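Subject: Structure for you to look at

Hi,

Here is the structure I promised to pass on. Please open it and keep it beside you while you read my notes.

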Amino acid sequence: MSTLQQTEVQTYRVYLKATPEQIWTALTQSDWTQRYGYGGRVDIDTRPGGAFRQYASEAMVGPGVSVVVVEGEVIEADPNTRLALTWRMIGDPGMAAETPTRLAYEIGQDERGLTTLTVTHDVTDAPQTAALVGGALPGTGGGWSFVLSDLKSLLETGTGVAG
């Protein structure tokens, strides 16, 4: 008896008028992560093996409530260049039961000298997570496309698309 494994890798790229240092800071510091995307703070130890936790925003759970919605472990961290980690949505029981996924942020420059942020999310064997981060679940936001659009707007204008 064989088991068919479903493999899906989602890749998103955005071009930003921002430095690699600004992008790194926006990805790893709570005072920035609370200002774009879904607005949750992060705790991240950027050493390989370090813990990653993303919390629900106050808008999701109320002021003063601390709920971890995503957890993972840092696989690789090269400041201002690359951050790779495991990523598991634990805020939803169905997604929490899925295999942890692998997420990588790559910060670089293209041939024109534009700063790029490429997000590669390997959602193999995690169909609910794939739908969530792909923006296919109604009522859950817009996945990585929304998060990256909001981050780009924030870094370039000082205001995110949602605020």
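Start with the hairpin formed by β4 and β5. Three residues lie between the two strands. Asn80 sits in that turn and has a positive phi of about 70°. One caution before you go further: this is a predicted model.

Look for Val74, which stands opposite Leu85 in β5. β4 also pairs with β3, residues 51-55. That pairing is antiparallel too, over five bridges. Tyr55 has Val68 in β4 as its bridge partner. As you trace any of these strands, remember a general point: in a regular strand the side chains alternate between the two faces of the sheet.

The charged end of Arg41 sits over its ring, 3.7 Å from the centre. Arg35 lies over the face of Trp32, at 4.5 Å from the ring centre.

Now the inside. The largest nonpolar core has 35 residues. Those with the most contacts inside it are Ile23, Leu27, Trp87, Tyr105, Leu117, Val119 and Trp144. Several elements each supply at least two residues of this core, among them β1 (9-16), α1 (20-28), β6 (101-109) and β7 (115-122).

Leaving out residues up to four places away in sequence, Val119 touches Gln10, Thr11, Tyr12, Leu103, Ala104, Tyr105, Trp144 and Leu148.

Just after the helix, Gly158 takes a positive phi of about 90°.

How many aromatic pairs are there? The count comes to two. Tyr38 and Phe146 form a tilted pair, 5.4 Å centre to centre, with 50° between the planes. Tyr38 is in the loop between α2 and β2 (42-44), while Phe146 is in helix α6, 108 residues apart. Tyr38 is partly exposed, with a relative accessible area of 29%. Phe146 is also partly exposed, at 24%.

Tyr105 and Trp144 form an edge-to-face pair: 6.0 Å centre to centre, 85° between the planes. Tyr105 lies in strand β6 and Trp144 in helix α6, so the pair ties together parts that are 39 residues apart in sequence. Are these two residues buried or exposed? Both Tyr105 and Trp144 are buried.

One last stop is Ala131, in helix α5. Leaving aside neighbours within four places in sequence, Ala131 is in contact with Ala136 and Leu137. Its C-alpha is separated by 25 Å from that of Ala51, 80 residues apart along the chain.

Best wishes

Terms used
Residues numbered from 1 in each chain as written. Heavy atoms only, no water. Core = buried A, V, L, I, M, F, W, Y, C linked by side-chain atoms within 4.5 Å. Buried < 20%, exposed > 50% of the residue type's maximum accessible area, 1.4 Å probe, protein only. Helix = DSSP H or I, 4+ residues; strand = E, 2+ residues; numbered from the N terminus. Contact = heavy atoms within 4.5 Å. Pairing = 2+ DSSP bridges. Phe/Tyr/Trp six-rings, centres within 6.5 Å; stacked < 30°, edge-to-face > 60°. Lys NZ or Arg CZ within 6 Å of the ring centre and 35° of its normal.
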